[in-house]
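Good morning, everyone, and thank you for making time for this. I would like to walk through one structure slowly, so please have it open while I talk.

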Amino acid sequence: MAMWSGSPTHPAAGTAALQGNAIPVLLWGSRPGCRVGGSFSQGKQQHTNSIRLGVSAGFVSCGFGYETIPGMKPQATLGRATTPDGKELVLYERDGVYSIRVNGLELMSSRAHGSEEALARLVLARVRRPHPRVLVGGLGMGYTLRAVLDVVPQQSKIVVAEIFPAVVEWNQADLAGLANAPLSDPRVTVRVTDVADLLDGHPIFDAILLDVDNGPDAFTIARNTRLYGAQGLEKIRRSLRRPGVLGVWSADPDPPFERRLSKAGFRVQVETVPAHRAVKGPKHTIFIATVA
Ligand SMILES: C[S@@+](CC[C@H](N)C(=O)[O-])C[C@H]1O[C@@H](n2cnc3c(N)ncnc32)[C@H](O)[C@@H]1O
């Protein structure tokens with residue numbers, strides 16, 4: 001029997017315990033954004049059983065669940081780093097699926113990356129300059145960066161701001177193949193820095209893509225709050241060459257953030273996109289903010 005006990009704040013924060021016959025347990029993990037509801041399912045492939053329950057209200061998302069997959073391989077820890085506020089960033093792999101967790105909470109998984117790619121496509125479709133300068137903050141597993149590279153021409157310049165050197169190293173090694181080695185592309189310059197500090201230098205871009213947390217709310221490091229308030233948005237606006245576009249990835253809608261964007265002088269559109277490449281399944285939110 002597999003038992004799961006979870007945190008009320010995040011699906012990946014629970015611990016799994018095995019009793020009796022050892023059945024590997026996979027804690028249900030995806031970037032948050034579940035709605036009220038639950039399900040029990042028996043998978044057609046791999047004979048999986050899963051229970052998923054979730055609640056989402058305003059800023060608060062919580063959920064829990066488990067999957068049992070007979071014969072599933074144990075999880076491997078591939079790398080660790082410490083965040084400036086003392087949290088632990090860990091890279092895991094199981095059965096070819098990679099995940100990055102912060103203090104046990106999932107920041108990113110290679111299981112679903114449709115919305116990370118949509119962030120790039122939706123923003124770049126609105127950029128008019130033929131050879132745009134694009135800022136991608138942060139790197140994660142490189143899916144957003146790959147989607148940028150797939151649509152911009154050769155003469156374009158892409159700066160990636162990634163705060164953790166370990167994430168860059170992981171993308172040059174274990175994670176390189178996930179998004180077809182985007183760091184090897186000559187259009188890309190990697191800056192190992194806090195994207196907020198990079199913006200303090202008043203660089204100029206045609207598009208800024210932000211996916212550093214699970215939405216416009218600090219998750220990875222506490223000081224990311226400064227990106228989403230009036231001062232942070234003003235700093236971003238000043239770094240956009242008109243007509244410039246800011247895109248922000250989010251697990252959930254966030255009407256107060258939309259209002260802050262409008263107040264900061266952006267024209268705001270909100271798109272709901274599938275988390276997976278398939279149209280069905282969970283949805284995420286992309287804020288598209290244009291400065292005219
Ligand atoms: C959710 S992942 C990004 C996923 C990415 N869009 C992809 O397609 O794989 C968030 C990334 O932002 C980085 N990060 C968090 N805060 C940051 C900051 N202030 N400046 C730069 N990078 C940051 C994290 O280390 C992590 O690599």
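Let me begin with the ligand, around which there are 25 residues, and of these Glu116, Gly138, Gly140, Tyr143 and Val212 come nearest. Please keep in mind throughout that this is a predicted model. If we sort the shell around the ligand by class, we find 13 nonpolar, eight polar and four charged residues. Several elements each supply at least two residues of that shell, namely β10 (105–109), α2, β12 (157–162) and α4 (195–200).

That brings me to the helices. Two packed helices are described by the angle between their axes and the distance between the axes. Here the axes of α1 and helix α2 (residues 143–151) come within 7 Å, and they cross at roughly 35°, with α1 passing α2 in a right-handed crossing. On the α1 side the contact is made by Glu116, Glu117, Leu119, Ala120, Arg121 and Leu124, while α2 contributes Tyr143, Thr144, Ala147, Val148 and Val151. Divided by class, the residues of this contact are seven nonpolar, one polar and three charged.

Now, which residues touch the most other members of the largest nonpolar core? That core has 62 residues, and the answer is Val123, Val148 and Leu209. Its largest share, six residues, comes from helix α1 (residues 114–124).

Finally, let us stay with Val148, which, leaving aside its neighbours within four places in sequence, is in contact with Ala120, Leu124, Val134, Val136 and Ile158. So that you can find it again, Val148 is one of the α2 residues in the contact with α1.

Key:
Residues numbered from 1 in each chain as written. Predicted model: local features only at pLDDT ≥ 70, side-chain atom pairs only at ≥ 80, totals over all residues. Core = buried A, V, L, I, M, F, W, Y, C linked by C-beta atoms within 7 Å. Buried ≥ 20, exposed ≤ 12 C-beta atoms within 10 Å, placed from the backbone. Helix = DSSP H or I, 4+ residues; strand = E, 2+ residues; numbered from the N terminus. Contact = placed C-beta atoms within 7 Å. Axes fitted to C-alpha atoms, helices over the stretch in contact; angles between N-to-C directions. Left-handed = near helix turned anticlockwise from the far one by under 90°. Nonpolar A, V, L, I, M, F, W, Y, C, P; charged D, E, K, R; others polar. Near = placed C-beta within 6 Å.
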